[in-house]
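Dear colleague,

Please find below the structure that I am handing over to you, followed by a summary of what was found in it.

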Amino acid sequence: MEKTMKKYFPLFVLPTLVAFLIAFVVPFVMGVYLSFCEFTTVTNARFVGTANYIKAFSNQDFLRALIFTVLFAGVAIVTINVFGFLLALMLTQKLPGRNLFRTVFFMPNLIGGIVLGYIWQSMINGVLSGFGMTMLMDAKYGYWGLIILMNWQMIGYIMVIYIAGLQNVSTDVLEAAKIDGANKLRTLFRVTIPMMMPSITICLFLTISNSFKMFDQNLALTGGGPSGKTTMLALDIYKTFYDKVGFEGVGQAKAVLFFLIVAGIAMVQLVLTRHKEVES
Amino acid sequence: MKKRLLGTLLSMVLAISALAGCGSAENQEDSDTGSVYYMNFKPEVAEVWEEIAEVYEQETGVKVKVVTAAGGNYESTLKSEIVKSDAPTLFQINGPIGYQAWKDYCADLSDTQFYQALSDKELAIKGEDGGVYGVPYTMEGYGIIYNLEIMNRYFATTGAVVGSIEEINNFATLKAVVEDMQSKKEELGIRGVFAATSLLPSEEWRWHTHLANLPVYAEYQANGVTDMQEINFAFQKNFKNIFDLYLQNSTTEPKMLGSKGVNDSMAEFALGQCAMVQNGNWAWGQIAEVSGNVVKAENIGFLPIYMGLEGEENQGLSVGTENYFCINSQASEADRKASADFVYWLISSPTGKDYMVNKLGNVAPFTTFTEEEKPADPLAKSMLKIMESGKVSIPWIFTTFPSQTFKDAFGGALLEYAQGTMDWNGVVSVVQEQWKAEKALLNQ
């Protein structure tokens, strides 16, 4: 069996490998190469060295977007995970109609970000109009709008992963804790949560990467306004690429930096939380 | 070992043949006649272009493919389409700045029949080498669109400042009329004189581009140039004049403008909730389409945008174009020829001309069009009437505005000014600084 597996391994892995090469490795390598080029379209690139990286910091846009993104991600990651976990705890109790609730909470995740952005834009503007304002009055409205929107969209998804994690916690261990006299809160923090570290690793990874990469919701909800104060990294890259003449390479350079930042943070998080995972 | 090699080879063959299957079908019809692939800029006339493509194929046998980019995404769609092996052969740019971005793909058009037929050769976009790289296919104009029915209602009120629309020929009169109308809005049955000054991001082009064209043109004129690396925004007071008038005599509270788009403004106008709106002749379709539209074609007309500039009594509309045909220089010769023939057919054959004028509503600047072949829509008619009345049109120089980034910053500043979070000096310095910064980047 082992031998046959080895023999046919290349045959079975090849289609995936080819697809991976074409759809992932080649565009990625090209993208990195293009960040050192000046170009209009990807086929007429001219090598210019690190000039694009210098230009990326020639104004404050990128740094401002980075700070805004970090502020956004910091709050969004915590709220999404806390609320998602609480919902999961609630919906693993014996509640009437809990399957219905699970479905309802999951559903926002099935709607596209652009659509959600426009829906929330009119809802938030509708509320603010009662105070004679719009969301673009001040960056803080856009900021909290984005956090509410992101929470609304992601909580259900994160909840489903936590529910799966909760259901995997072995009842033997929980029973043992009960016999040892641990109360509910203690059981939660000392038994359930440590046992759920694999789910937490996944959920943190998903929320971190999604918060940093957020684009459509940002574009639709505030469009970066007022005066670009709510522009996040992905939107800033998009605007650099398409809204400035001859800045395609700079946009590309920003995208490479963006990749390094997100990958770096996600890696650190993976190592840290993996470390905490325990075997039952 | 042998089997393993065989397996690898077999799977490679499989993979390659599967991949090859994707791309080959389209490229086979490279016959001698060539074919046309047009990237259309205007989603509102997408269906008309599809129809033209069909008719042209029936008449001449040349295949025409039309792809329409979604609103606001023309550049990004073109960027991805043009690298394909089946790339657009005919596309459009928006002026000198657009030419800077696309010059590697613009073919010299000086020998084409449609350039020869251009009524004013100065309108075309010329490169540094003297070649012709973009040919305009329509002329457009914008100003303040008014609803004569409401205006007449006002002229009939007691104490009206003027008695007819013709008497409004400078900013002072316009301001007096507008403010008087606003105070009588209940009597006139409107919610405000002007439609909402749409300041939602990417809906502010009527201000940061169209309205700003006038003071910047005045500055160019004062300096005797056609472009500037730095502007003082010397006529900012005039811009503020009219912009304040728009804000303060509107259907909408200035603080609420961050939630308004162009469609909202046009709907307000179409429903008779306001008397005036700043927009161009392309807006007629949009007004007529609104359900419950109460504006009649014979009651609609243009007023030049007065902002207190010197000699504005004789000022006309802002007339120009942002639509230039370009032929892809990297397409095959047969395709380039087919594209040029297609454009010439559009402006010279009876069928093509009918589509150009009546279905696309273009005011085509070509000698092949006779006096009778002018568009029938009321705004285009009003525009031509003003042009022919001897008033001096203001050319579109916003094609020299440095970049979208500049415009976005300007629009953002206007929004902040409208809602009171930035003072006017802040707006002026945003314009000066962004203009300088973005122009400097262009020349690197």
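A search of the whole structure, which is a predicted model, finds 13 salt bridges over all chains. One of them joins B:Lys65 to B:Asp86, with the closest N and O atoms 3.2 Å apart. This pair links distant parts of the chain, as 21 residues separate the two partners. B:Lys65 belongs to strand 2 of chain B (residues 64-68), whereas B:Asp86 sits in the loop between helix 3 (74-81) and strand 3 (90-93) of chain B.

With regard to the overall build of chain A, its secondary structure amounts to 12 helices and 2 strands. Along the sequence, the pattern reads α-β-β-α-α-α-α-α-α-α-α-α-α-α. The C-alpha trace of chain A spans about 70 × 70 × 30 Å along its principal axes.

I turn next to the interface of chain A and chain B. Here, 36 residues of chain A are in contact with 39 residues of chain B. The two chains bury about 3,000 Å² between them, and 64% of this area is on carbon and sulfur atoms.

Which charged side chains meet across this interface? The rule finds 2 salt bridges between chain A and chain B. In a salt bridge between the chains, the side chain of A:Lys229 meets that of B:Glu416, at 3.2 Å from N to O.

On the side of chain A that touches chain B, the elements that give two or more residues are helix 1 (2-34), helix 5 (113-129) and helix 11 (233-243) of chain A. Helix 1 of chain A gives the most, with 7 residues. By class, this side of chain A has 16 nonpolar, 13 polar and 7 charged residues.

Finally, there is a nonpolar patch on the surface, formed by A:Ile111, A:Ile114, A:Val115, A:Tyr118, A:Ile119, A:Met123 and A:Trp152. Together these residues have about 600 Å² of accessible area. Helix 5 of chain A supplies the largest share of the patch, 5 residues, and A:Tyr118 lies in that helix. Helix 5 of chain A is also among the elements that give two or more residues to the side touching chain B.

With kind regards

Conventions:
Residues numbered from 1 in each chain as written. Chains lettered and ligands numbered in written order. Predicted model: local features only at pLDDT ≥ 70, side-chain atom pairs only at ≥ 80, totals over all residues. Heavy atoms only, no water. Contact = heavy atoms within 4.5 Å. Buried area = accessible area lost by both parts, 1.4 Å probe. Salt bridge = Lys/Arg side-chain N within 4 Å of Asp/Glu carboxyl O. Helix = DSSP H or I, 4+ residues; strand = E, 2+ residues; numbered from the N terminus. Nonpolar A, V, L, I, M, F, W, Y, C, P; charged D, E, K, R; others polar. Patch = residues over 30% accessible without salt bridge, like charges linked within 9 Å, V, L, I, M, F, W, Y side chains within 5 Å. Areas by Shrake-Rupley, 256 points an atom, 1.4 Å probe, with all protein chains shown as cover.
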